[in-house]
Amino acid sequence: MARLLFYKGGALPPEAPLFITRLRQTRTRIGRVDDCDVVLPNEAVSRSHCLIDQLDGQYMMMDRSSNGTLLNGVRVARSRLQDGDRLGIGPFVAVCDLKDSAGASPTEAAQPERRDEELVAADSELAVQEAFLTVTRGPAEGERVRLRGGKLSVGSHGSKVPLRDPALLKDHVRIRLLHGRTLVEPGAGAAFVGGVRVRDVFPLYAGEEVRIGNTEFVVHWDERIEQPVADHFGDMVGSTEAMRRVFGILRRIAAHHAPVLLLGESGTGKELAARAIHEASPRASKPFVALNCGAIAQNLFESELFGHEKGAFTGAAERRDGAFHRADGGTIFLDEMGELPEDAQAKLLRVLETGEVRRVGGADTSFPDVRVVAATNRDLNADSQRGKFRSDLYFRLAVLAVRLPSLRERRDDIPVIAHAIARHIQSGMRIEPDAMEALCAHDWPGNARELRNVLTRAFVLSGPIVQLDSLMFNPLDTPRSGGPRPRVVAEGPLASLVDAERTLIESALLRNAQNRSAAAKDLGIPRSSLLYKLKRFGIG
């Protein structure tokens, strides 16, 4: 197993390394920020310093830093690595051990590829790995504490993890559970690991004891089985076992940084799931940028995603950031991924493989830190086998794949979803029992989107009390019995049917960030009809 042996200062072989890390089979990212695969906390290390990719059995290093990466003492931008090579990364030296090791050292093998809570299986129940601190010696011997959160102080009263030991200070030492590693860092008091004082941040391996005051403790991981209990995730709601399981999986996916592929029929809530993943992730404070790949002209795709320089093509009057730049630090959502043209697939694949983004007409590259969430209603696996979609791009996107069930697969969720949609349309909107029975009996080929359209039409045409004869399951049909009862003027907050239609269109534009194609799809009308109505109502 290929690995890197990290040293600091003048401590080079044969002296013991600071720590050892295995190289991933795809990409290993080294840098200062916590979401890197190898974290080197030092100001001389860039946020994302360098990448090591495995390509056809060989390892390639790419520098991504402003500080530079040294290979055997020489600064390089890109180079193939060989066994014994030394990488200079700030004050650290990483020695490449690329030979096929028969067995890893006990210290190396003990390091778990987990974070504070991670999904291990996703069948009828969830198996979760949880981190615990257990005191092995001292006044609180035998005490066991569940570690929750990314960064925790351990010490006397007032620390996030208080221990009964009069020799401890508040925030005596700190433990971090970040991106699959347990890290220990110095706090207000003296802490020792293996007899060596903790003076910097470094990995804490399973079984290693930390000594503070009169106390020694270890951090370990235990597995528990969790039954799905959540009935919502973001704006998604559902009470069936299938949806609770999906919500549990999405919550754990949100904690990671790997690409996500959302699968499911049209209208199953893939964009809602993508937004909820972003909002539940460490990237929540950064931008969420959504793009509909099926709505972008083929000749503008590269510019939309990667931006362009002034004068790059006719009409490029100024420099423009693409979606990857706008989403830096956050999440980019690529909807309708199955509609992407083949040449656009190749360009997107290169960005996912190298992390490099180059504006159209530009020479400089940048490396925006973006998590990609893609969605499609097509079977990309089957398409890739038939040659209709690049298989290498499919496997890059499907690192974490989740299928969202259709509405007819979870009919028991229809009432809770219908009531949630009704509250969104108007707080006082009410669905009568006979109408709800009809909603539950419908097959919903358009899923939740169709359900929202049916309820919206019922509200616009008949007011806030939805009865059986208010429902039209086809927008070209007439109501189920008799004509529509225009009670909006008398009972609703809207002045007229025209105002209701205008409000409906404005709400759709607002929900879709003023994207007219997406708004038309949301409303269930052709884009040309929407453009006509926008002009008619004077909506810019």
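Accessible areas were derived with the Shrake-Rupley method and a 1.4 Å probe. For the predicted model described here, the accessible surface of the protein chain comes to about 25200 Å², of which 49% is contributed by carbon and sulfur atoms. The chain comprises 540 residues, 49% of them buried, and its secondary structure consists of 15 helices and 34 strands. Of the contacts between residues at least 6 apart in sequence, 55% connect residues at least 24 apart.

The largest pocket has a volume of about 1400 Å³. Its lining is formed by 47 residues, among which Glu271, Leu272, Arg511, Asn512 and Asp522 are the closest to the centre. Elements giving two or more residues to this lining include α3 (270-279), α9 (414-425), α11 (447-462) and α14 (516-523), together with strands such as β27 (288-292) and β28 (331-335); the greatest contribution, six residues, is that of α3. By residue class, the lining of the largest pocket divides into 19 nonpolar, 11 polar and 17 charged residues.

Four aromatic pairs were found in the whole structure. In one of them, the ring centres of phenylalanine 306 and phenylalanine 324 lie 5.8 Å apart with their planes at 40°, so the pair is classed as tilted. Phenylalanine 306 belongs to helix α4 (residues 301-306) and phenylalanine 324 to helix α5 (residues 323-326), 18 residues apart. Phenylalanine 306 counts as buried at 4% relative accessibility, and phenylalanine 324 is likewise buried, at 3%. The rings of tryptophan 444 and phenylalanine 473 have centres 5.6 Å apart and planes at 70°, and the pair is therefore edge-to-face. Both tryptophan 444 and phenylalanine 473 are buried.

Conventions. Residues are numbered from 1 along each chain as its sequence is written. This is a predicted model: local features need pLDDT of at least 70, side-chain atom pairs count only at pLDDT 80 or more; totals for chains, interfaces and linings use all residues. Side-chain values use heavy atoms; hydrogens and water are left out. On a 1 Å grid over the protein atoms alone, a cavity is a set of points where a 1.4 Å probe fits but cannot get out, and a pocket is an open set with protein on both sides within 12 Å along at least five of seven lines; lining residues have an atom within 4 Å of a point. Grid points are joined across faces, edges and corners, and a volume is the space filled by probe spheres set on the points. Helices (H or I, at least four residues) and strands (E, at least two) are DSSP runs, numbered from the N terminus. Ala, Val, Leu, Ile, Met, Phe, Trp, Tyr, Cys and Pro count as nonpolar, Asp, Glu, Lys and Arg as charged, and the others, Gly among them, as polar. Buried means under 20% relative accessible area, exposed over 50%, partly exposed in between (1.4 Å probe, protein chains only). Contact means heavy atoms within 4.5 Å. Rings of Phe, Tyr and Trp (its six-membered ring) pair if their centres lie within 6.5 Å; planes under 30 degrees apart count as stacked, over 60 as edge-to-face and the rest as tilted.
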